[in-house]
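Here is a short report on a two-chain model. Take the whole chains to begin with, then the contacts.

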Amino acid sequence: MSKMTLSRRGVLTTGAAAGAGLALPTYLPAASHAGFTNAPTGSTVTLGFNVPQTGPYADEGADELRAYELAVEHLNGGGDGGLMNTFSSKALQGNGILGKKVEYVTGDTQTKSDAARASARSMIEKDGAVMITGGSSSGVAVAVQALCQEAGVIFMAGLTHSNDTTGKDKKANGFRHFFNSYMSGAALAPILGANYGTDRKAYHLTADYNWGYTTEEAVRTSTEAIGWETVAAVKTPLTQTDFSSYIAPVLQSGADVLVLNHYGGNMVNSLTNAVQFGLRDKLVNNKNFEIVVPLYSRLMAKGAGANVKGIFGSTNWHWSLQDEGSKAFVQSFGTKYGFPPSQAAHTCYVQAMLYADAVERAGSFNPCAVAEALEDFEFDGMGNGPTLYRAEDHQCFKDVLVVKGKENPTSDFDLLEIVEVTPTSQVTYDASIFGGELGTCNPGA
Amino acid sequence: MLGLEAKDFRLLILVAILTMAAPFLLNPFPEGSGLAQFNAGYPDLMQRFVIFGIFAIGFNILFGLTGYLSFGHAAFLGVGSYAAIWMMKLLTMNVIPAIIVSVIVAGIFSLAVGWISLRRSGIYFSILTLAFAQMSYSLAYSVLTPITGGETGLQPKVNDPRILDGALTEGGTPKANLFGLEMGSSIEWGVGNWLFTFNAGYYVAAIVMLAAFYLSIRIFRSPFGMMLRAVKSNQQRLNYTGLNAKPYTLAAFVISGMYAGLAGGLMVAMDTQVGAERMFWTASGEVVLMSILGGVGTLIGPVLGAGAIKYMENILSKINSDILHTWFAFLPDGLEDFVVTLIYPFIGKGWHLTLGLIFMAVVIFLPGGLVEGGQRIARLFGRKKKSTDTPDGKTTPAE
């Protein structure tokens with residue numbers, strides 16, 4: 001008897017499943033004939049948003065995801081259109097990309113290269129994503145970029161600041177809008193020189209991993225060029241939470257500036273320790289002791305609280321910018337979520353838009369066509385002023401913001417003030433200085 | 001058959017059938033249907049199933065047989081991975097040298113770690129191995145950056161030496177292969193709305209896994225395996241009989257380290273990238289979870305546990321609130337939102353929570369792991385078989 005029941009249920013399930021299946025368009029078998037990986041053939045196109053949802057950068061990841069959802073809404077014609085109204089290229093119509101409705105899948109990078117690659121591979125192999133974007137660490141960005149190069153899809157990097165992403169590890173299928181360590185150094189040095197003088201002695205505390213190294217190197221080179229002297233550079237373990245033992249030797253060294261090449265929780269802790277030790281009230285070599293943080297983010301400033309007041313750093317974008325693009329983005333992000341976007345959200349939103357626009361202009365989702373459309377593409381109205389996507393290393397060149405912790409913040413979000421917008425020409429470098437091989441674009445299948 | 005008892009041989013055949021038919025078994029839902037979300041039959045995840053299966057089988061040889069709980073097994077996986085990627089960078093993109101060298105290097109490293117750690121047992125042994133693993137992780141992440149690539153890890157580059165390989169074709173990228181058969185290449189077979197993917201890399205990994213599984217059965221049934229069980233049940237008594245247990249435990253430690261190295265080498269062969277996080281202590285903890293979830297000391301348990309955890313990590317974590325809303329769209333608006341809010345904490349980034357709950361349930365209600373669950377179900381339906389229920393490696397934890 002039980003056998004009867006089972007087989008009847010089996011028949012019903014199979015029938016229902018087959019019916020459901022028949023009702024939907026079949027899109028997969030054609031994929032291998034279109035000449036590139038995951039060619040979208042139905043009425044939709046799938047993008048993969050691979051962001052850290054757990055781990056140390058979960059806050060940034062959550063903000064990135066919000067930005068992507070907003071971008072998808074705008075691309076599909078919903079909302080107020082956001083940056084599509086101010087973008088200098090008018091190829092996007094608000095009817096999806098090339099008329100195909102934009103759908104997306106999400107994944108958790110866990111800020112681990114392995115997990116990030118697993119999640120990206122499942123997006124490519126299972127969900128048929130034609131582009132992967134996101135991430136909040138250079139290690140992950142480099143790992144996923146290499147994967148996308150192999151698989152033959154486009155990678156639009158999210159928040160990644162290391163020189164390596166578009167330097168020694170650059171790939172033809174990968175693109176970065178965010179700025180890098182070199183630009184931070186080049187933008188900061190003149191401001192530091194103007195405010196603190198050109199005969200300073202600097203002491204570096206550097207997070208002991210790739211990003212720390214490239215940032216230290218960049219700040220060192222550019223400050224030494226204006227006459228500063230580097231007294232010492234000490235590496236601190238990434239997992240360090242108490243920096244007191246690293247702060248104490250700073251005063252004995254005769255240095256009068258402390259550079260904290262730290263990011264995220266590291267920076268929050270080291271800066272708090274340094275301020276608690278009273279470094280900023282000290283007079284060394286007859287000069288006020290100063291602290292510098294090369295890479296700032298609003299989320300970090302929030303973590304460090306009052307300690308950031310008056311401390312210089314650089315950032316990719318800040319919501320208080322007054323150009324049309326920034327205002328439009330803050331407006332539509334704020335309307336949807338109730339608070340201003342972070343720089344991570346901004347760069348991810350812009351990357352999604354730039355990809356969509358490049359596809360429209362190229363008239364194809366083929367990674368090689370998209371890459372060609374992005375290379376040497378000049379645009380404006382995305383919040384950073386006139387910007388160039390350089391063909392040699394797939395890095396965006398745009399103005400860099402030098403910011404300072406605000407003395408009298410009016411709200412939780414109003415923590416940084418813009419000191420200067422460093423023009424593009426000052427932060428541009430030769431594409432060959434970091435080595436690496438771009439290779440040629442890989443369309444996959 | 002193959003030097004196995006009939007029962008073990010049947011188990012081996014069953015595992016062989018399951019792994020060979022995995023592309024079908026893991027893709028039960030047609031493409032485009034709502035349930036396709038739960039399909040796991042894509043190359044990356046299938047490869048992960050068998051690779052972590054090997055890792056867990058190896059771990060089980062140490063933990064399941066001798067009872068020594070190593071909290072640093074990820075270090076051997078990582079060391080194996082680094083060895084494999086260097087072989088690919090320097091020698092050839094063929095996976096054979098990479099896998100062999102990864103096993104050897106992990107074996108040597110585990111010999112050194114085991115030599116020191118096995119001076120202690122119980123919690124002290126666990127802490128020692130944990131310390132070694134964390135040390136390896138920190139070294140790989142920062143101090144050894146020139147060798148390990150630090151945070152960004154290592155990948156094959158176009159301009160690597162690869163002395164045994166011919167020059168790349170213009171614009172080509174180095175791809176892992178087995179005598180020309182690329183690990184990433186797949187054959188797709190569409191039947192109606194179903195799409196089955198047969199991936200070369202998966203089958204290579206699956207065959208290695210079967211060999212590893214066979215070897216583990218032989219170890220379980222050998223006199224050596226019996227000695228290891230003796231260590232677990234009462235090491236003191238063993239010492240009093242005049243036997244030195246250290247060579248046995250060290251051998252078990254090195255064997256399971258080599259299994260981990262093999263898994264590490266295969267991971268690189270399937271996905272040519274290594275990062276230091278692979279050695280982080282959570283990765284070591286994961287394999288402990290896999291073994292316990294599946295059933296410690298059983299032959300098939302660790303493989304099931306590995307599969308269950310990897311499935312949740314890759315499938316549950318990708319369900320987002322949007323997908324939930326489409327599933328429950330048939331409900332009235334208010335109810336839909338309510339149901340989605342209710343389920344949301346358990347999917348997406350909350351998959352750890354689901355895993356934790358399942359793990360707790362298994363430990364409390366099924367101390368023998370998923371294997372015990374399977375046995376209980378089998379007992380429920382197979383009334384006649386009661387008499388043949390003899391204790392062996394498959395049906396009882398090795399106490």
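## Chain-level picture

Among contacts in chain A between residues at least 6 apart in sequence, 71% link residues at least 24 apart. For chain B the corresponding share is 74%. The model is a predicted one.

Chain A contains 13 helices and 17 strands. Its radius of gyration is 24 Å, close to the 22 Å from the globule rule for 445 residues, so chain A is as compact as a globular protein of that length. Chain B has 17 helices and four strands. A compact globule of 399 residues would have a radius of gyration near 21 Å, and the 22 Å of chain B agrees with that.

| Chain | Span along principal axes | Buried residues |
|---|---|---|
| Chain A | roughly 90 × 55 × 45 Å | 58% of 445 residues |
| Chain B | about 70 × 65 × 40 Å | 49% of 399 residues |

## Domains of chain A

Chain A is divided into two parts: domain 1 (44–179 + 319–398) and domain 2 (182–315). Taken over C-alpha atoms, the domain centres are 30 Å apart. Domain 1 of chain A gives 12 residues to the contact, and domain 2 of chain A gives 13 residues. What is the make-up of the side of domain 1 that touches domain 2 in chain A? That side holds three nonpolar, six polar and three charged residues.

## A residue in helix α6 of chain A

A:T214 sits in helix α6 (residues 210–225) of chain A. Is A:T214 buried or exposed? There are 26 other C-beta atoms within 10 Å, and the cut-off for burial is 20 or more, so A:T214 is buried. Leaving aside neighbours within four places in sequence, A:T214 is in contact with A:S162, A:N163, A:D164 and A:S181. A:S181 lies 33 residues from A:T214 along the chain. The C-alpha atoms of the pair are separated by 6.3 Å.

## Where the chains meet

How many residues does each chain bring to the contact between chain B and chain A? Chain B brings 39 residues, and chain A brings 43. On the chain B side, the elements that give two or more residues are α3 (43–66), α6 (122–143) and β3 (186–191). The largest share comes from α3(B), with four residues. By type, the chain B side divides into seven nonpolar, 21 polar and 11 charged residues.

## A helix pair in chain B

Now a contact inside chain B. Helix α12 (residues 281–294) and helix α17 (residues 369–381) of chain B have axes that come within 3 Å. The axes cross at roughly 15 degrees. Angles under 35 degrees count as roughly parallel, so α12(B) is roughly parallel to α17(B). Which residues make the contact? From α12(B) they are B:I292, B:L293 and B:G294. From α17(B) they are B:G369, B:L370 and B:V371. The residues of this contact comprise four nonpolar, two polar and no charged.

Definitions and conventions
Residues are numbered from 1 along each chain as its sequence is written. Chains are lettered from A and ligands numbered from 1 in the order in which they are written. This is a predicted model: local features need pLDDT of at least 70, side-chain atom pairs count only at pLDDT 80 or more; totals for chains, interfaces and linings use all residues. Axes are lines fitted to C-alpha atoms, for helices over the stretch in contact, and angles run from 0 to 180 degrees between N-to-C directions. Angles under 35 degrees count as roughly parallel, over 145 as roughly antiparallel, 65 to 115 as roughly perpendicular and the rest as oblique. Two residues are in contact if their C-beta atoms, placed from the backbone, lie within 7 Å. Ala, Val, Leu, Ile, Met, Phe, Trp, Tyr, Cys and Pro count as nonpolar, Asp, Glu, Lys and Arg as charged, and the others, Gly among them, as polar. The radius of gyration is taken over C-alpha atoms; the globule rule is 2.2 Å times the number of residues to the power 0.38. A residue is buried if 20 or more other C-beta atoms lie within 10 Å of its own, exposed if 12 or fewer, and partly exposed in between; C-beta atoms are placed from the backbone. Domain bounds come from an automatic or database domain assignment.
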